[in-house]
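Colleague: I have a model open and would like to learn how to read its features one at a time. Could you walk me through them with the structure on screen?

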Amino acid sequence: LAGALQQEQIGKGDRVGFLVPNIPAMFEGHYGPLKIGAVLVAINIRLSAREISYILNHSGAKVLVFDSEYAEIINQIKDELPNITKFVQVVDTFPKSDLVEGPEYEEFLNAAPAGEHRVPLESESDPIAINYTSGTTARPKGVMLSHQNIMHNLTLISRGFETTRTTIGLSWLPAYHDMGLVGGILNPMYTGCPDVLMSPMAFLQKPVRWLKAVTRYGVTISGGPNFAYDLCTRKVTDEEMEGLDLSSWDLAYNGAEPIRATTLQGFSERFAKVGFRPEAFYPCYGMAETTLIITGSDRHKLPVMQTVDIDSLQDHRVVPVSPDDSNAHVLVSCGRILPDEEVVVVDTHTNKQLPAGRVGEIWVSSPSVGQGYWNDSEVTEQTFRAKLSDGEGGPYLRTGDLGFIKDNEVFVTGRLKDLIIIRGVNRYPQDVELTVEQSSKRLQPGAVGAFAVDVEGRERLVIV
């Protein structure tokens with residue numbers, strides 16, 4: 001792949017787009033460009049044609065490798081992609097399309113000249129990938145990750161997870177996502193341990209397949225967002241549980257979205273009889289802007305939880321209450337601050353660091369923090385170069401997440417920009433969404449959205 005790209009005049013710093021699912025071409029797509037100093041742009045296969053066009057143009061990708069399943073989409077936008085000099089189709093489960101001119105992936109590789117293809121690394125700060133954020137609240141932003149960023153974060157993951165060559169990993173997470181790429185592909189390579197990879201759709205269509213794979217391969221580390229555990233608890237039947245053995249699974253990471261105590265409890269109770277242990281749960285916190293992980297739990301210990309008064313929390317105050325209090329709200333810690341990192345909680349009005357137990361915006365200083373947003377220096381300066389008002393420490397990444405630190409445990413309470421203000425009172429959307437979900441069994445968990453809109457000068461709550 002490196003040789004084929006060089007033949008297309010792709011070299012150091014050039015961007016290469018990959019629009020493919022979890023298939024071998026996606027994994028090769030990371031290492032091929034890496035050998036010649038090119039930059040991988042892995043594109044979310046679930047994006048619309050307009051969003052894919054935006055990312056390809058914004059990144060300036062010169063080559064696009066895409067699965068033939070998406071040929072129709074590429075045909076719609078190919079005239080809008082003046083930078084693309086070569087379209088390469090991967091014929092996997094779908095036949096090759098004649099709509100887009102260009103070789104099949106295997107032809108593209110076979111045409112590569114023989115010999116070693118490598119460009120020496122000049123600096124650890126050289127970019128290795130541009131990881132585009134989801135763009136759920138704005139246009140996708142491309143996080144520039146360097147060799148140093150990725151190597152440091154892999155060190156943090158291996159320390160937190162305590163991975164060894166005897167570890168057996170499994171990932172169904174999409175390879176275009178930071179958790180799927182860094183955690184699911186690069187970390188096993190870094191550790192040198194066996195890794196099982198499966199399609200996200202295989203899991204979503206039938207969640208028991210994940211648990212069957214854990215059983216079959218004796219998997220020790222696997223995980224996903226909170227919804228994945230909920231899905232298993234709700235969808236895996238008693239009949240499907242026959243033959244499952246989850247006793248090998250000693251680290252089940254949970255991150256990328258709010259972690260709910262009820263989810264951990266429900267999954268642990270449901271699958272205890274097939275060997276799952278609650279202390280295997282590993283709540284963690286991270287984001288694309290920090291390569292992946294920021295904080296992680298202690299292995300082999302039960303997740304740390306804090307019961308607080310929900311009304312006080314909405315007012316950014318942490319008031320512990322007993323679990324049977326009528327206003328009780330259970331928060332799950334996202335773990336401890338990992339080595340070589342500084343995590344502080346900041347008052348966004350004064351940029352002053354807040355004491356332990358106070359809610360503010362989470363700021364991070366770490367070698368894992370990316371180089372900034374591709375082709376967006378203004379937002380990079382605002383987000384990646386934050387300074388405390390006293391000038392000490394940093395520069396910091398402003399995560400946009402609200403939370404607090406207690407006993408070195410980081411609790412994430414919500415998103416700064418997502419706060420809903422109703423009659424002068426702050427409300428976290430995820431709490432509203434959970435209340436709505438629990439109001440009727442006819443509502444699908446994880447498919448409720450709460451937000452505010454301005455109607456005739458007043459902020460109104462909207463539920464979808």
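Colleague: Let's start with Lys12 and Asp126: what do their side chains meet in?

Modeller: They meet in a salt bridge, with N to O at 2.7 Å. The term covers a side-chain nitrogen of Lys or Arg within 4 Å of a carboxyl oxygen of Asp or Glu. Lys12 sits in the loop between α1 (2-7) and β1 (15-19) and Asp126 in the loop between α5 (105-110) and β5 (127-132), so the pair ties together parts that are 114 residues apart in sequence. Helices (H or I, at least four residues) and strands (E, at least two) are DSSP runs, numbered from the N terminus.

Before going on, a word on the source: this is a predicted model, where local features need pLDDT of at least 70 and side-chain atom pairs count only at pLDDT 80 or more, while totals for chains, interfaces and linings use all residues. Residues are numbered from 1 along each chain as its sequence is written, and side-chain values use heavy atoms, with hydrogens and water left out.

Colleague: Are Lys12 and Asp126 buried or exposed?

Modeller: Buried means under 20% relative accessible area, exposed over 50%, and partly exposed in between (1.4 Å probe, protein chains only). Lys12 is partly exposed at 38%, whereas Asp126 is buried at 13%.

Colleague: How many salt bridges are found in the whole structure?

Modeller: The search finds 15. Among them, Asp238 joins Arg270, with the closest N and O atoms 2.9 Å apart. This pair links helix α11 (residues 238-241), which holds Asp238, to helix α12 (residues 261-271), which holds Arg270, 32 residues apart. Asp238 is partly exposed, at 47%. There is also a network of salt bridges that links Asp298, Lys301, Arg336 and Glu409.

Colleague: Which residue forms a salt bridge with Glu361?

Modeller: Arg398 does, and their closest N and O atoms are 2.7 Å apart. Glu361 belongs to strand β18 (residues 360-365) and Arg398 to strand β20 (residues 397-406), so the pair ties together parts that are 37 residues apart in sequence. Glu361 is buried, at 2%, and Arg398 is partly exposed, at 27%.

Colleague: In which sense do β18 and β20 pair?

Modeller: Two strands pair if DSSP finds at least two bridges between them. Here β18 and β20 pair in the antiparallel sense over four bridges, and Gly360 stands opposite Gly403 in β20. On its other pairing, β20 is joined by six bridges to strand β21 (residues 409-415), again antiparallel. Lys406 has Glu409 as its bridge partner in β21. β20 and β21 form a hairpin with two residues between them, and Asp407 in the turn has a positive phi of about 55 degrees. Eight of the ten residues of β20 are buried, so this strand is largely enclosed by the rest of the structure.

Colleague: How many disulfides does the structure hold?

Modeller: A disulfide is a pair of cysteine sulfur atoms within 2.5 Å, and the structure holds zero. For Cys232, the closest cysteine sulfur is in Cys284, 17 Å away, too far for a bond. For Cys284, the closest is in Cys334, at 7.7 Å, also too far for a bond. Cys232 is buried at 0%, and Cys284 is buried at 10%.
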